[in-house]
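Biologist: Could you take me through the place where the two chains meet, slowly and in plain words? I'd like a close look at that part.

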Amino acid sequence: MTQTTGKILGWILGTALATGFVVVMGQLAIVPAMKAMPPGETTATGLAEVLFYVIAGLTIAGAAGVALSRNILYSAIGLLAALLGAGALYVFLAADFLAVAQLLVYIGGVLVLVLFAVMLTNRITEITVSNASLGLWGGAMLFVAVAPVLLAVALVTPWETITPAAAAYTTETIGDGLLTRWLLPFEIASMVLLATLVGAVVIARKEIKAD
Amino acid sequence: MQISLSHFLIVGALLFCFGLVTVTTRRNAVGVLMGVELILNGANVNFAAFNHYVVGGVSGQVFALFVIVLAAAEAAVGLAIVLAVFQTFKTIDVRYADLMRE
């Protein structure tokens, strides 16, 4: 009973936080941007920025869900959010082919595989599909130790950036490159995939015991 | 504020950190594999971002494509190993899988 109450309280708190976030974002970012913006071309960039923040937030929230959720099915949903968000970020980076590959391979392939593994290896009769973690404090300390370093590197380093090229279709260039400049890695990748196929079947099959 | 290289690097760094925490704290082997996927995605975001803002062309995108291919292969083999471990030990808690075979 208390668990149910706690769950309901958690959901209410989460919804309130999300609503508050949207309202505050609207007050701070969207409304002033709309007011300051003269109608015309600049509106598009403002919208793109807001969209970027929303998608980045979705990605990071999904990753946090994978790391912190107590239920492995929720972890899988968090992974879905993180992978979808990363795929959307590729669109911002003018990498359309990469975005579609992410969608097909990760969401259509890897995520389904992960869900299969979850369903096959947990007893479905258990109500909470266990995903216990050990040492959340250790994990938190690791996060505190690693994250500031990486963030500082990303923010402080004076990257020598170029003016990004305008978005264009990249599929043709990538296809040409895969058959000329990157032909050897391409062929090696196909061999790796073949070996993976055989290896996965050999490992996962049921061993027939000779009695 | 214009979206710049740093924004994408921050997202990549946070993905990597959460993946690292997942890999180190999960007891469930499938959870550990999810953490590996997060780490690879963080690296991929960085590849695409540097390709767009620093290098130009498509070389970074091709590298990210190869990473995606290898991540798919890793997931297939890893989950097959998880299934084999489950058949042997009747659990996928990584603390109890301490033998190569029964």
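Modeller: Chain A puts 71 residues in contact with 60 residues of chain B, where contact means C-beta atoms, placed from the backbone, within 7 Å. This is a predicted model, so local features need pLDDT of at least 70 and side-chain atom pairs count only at pLDDT 80 or more, while totals for chains, interfaces and linings use all residues. Residues are numbered from 1 along each chain as its sequence is written, with chains lettered from A and ligands numbered from 1 in the order in which they are written.

On the side of chain A that touches chain B, H4(A) gives the most, with 14 residues. Helices here are DSSP runs (H or I, at least four residues), numbered from the N terminus. That side of chain A divides into 53 nonpolar, 16 polar and two charged residues; Ala, Val, Leu, Ile, Met, Phe, Trp, Tyr, Cys and Pro count as nonpolar, Asp, Glu, Lys and Arg as charged, and the others, Gly among them, as polar.

Now for the core. The largest nonpolar core has 67 residues, and Val114(A) and Val30(B) touch the most other members. Such a core is a set of buried Ala, Val, Leu, Ile, Met, Phe, Trp, Tyr and Cys residues joined through C-beta atoms within 7 Å, buried meaning 20 or more other C-beta atoms within 10 Å of a residue's own. H3(B) gives the most to this core, with 13 residues. Leaving out residues up to four places away in sequence, Val114(A) touches Ala76(A) and Leu79(A), plus Val30(B), Leu33(B), Met34(B) and Leu79(B).

H5(A) also gives two or more residues to the side touching chain B, yet it's hardly covered, with two buried residues among its 21.

How values were computed. Buried ≥ 20, exposed ≤ 12 C-beta atoms within 10 Å, placed from the backbone. Contact = placed C-beta atoms within 7 Å.
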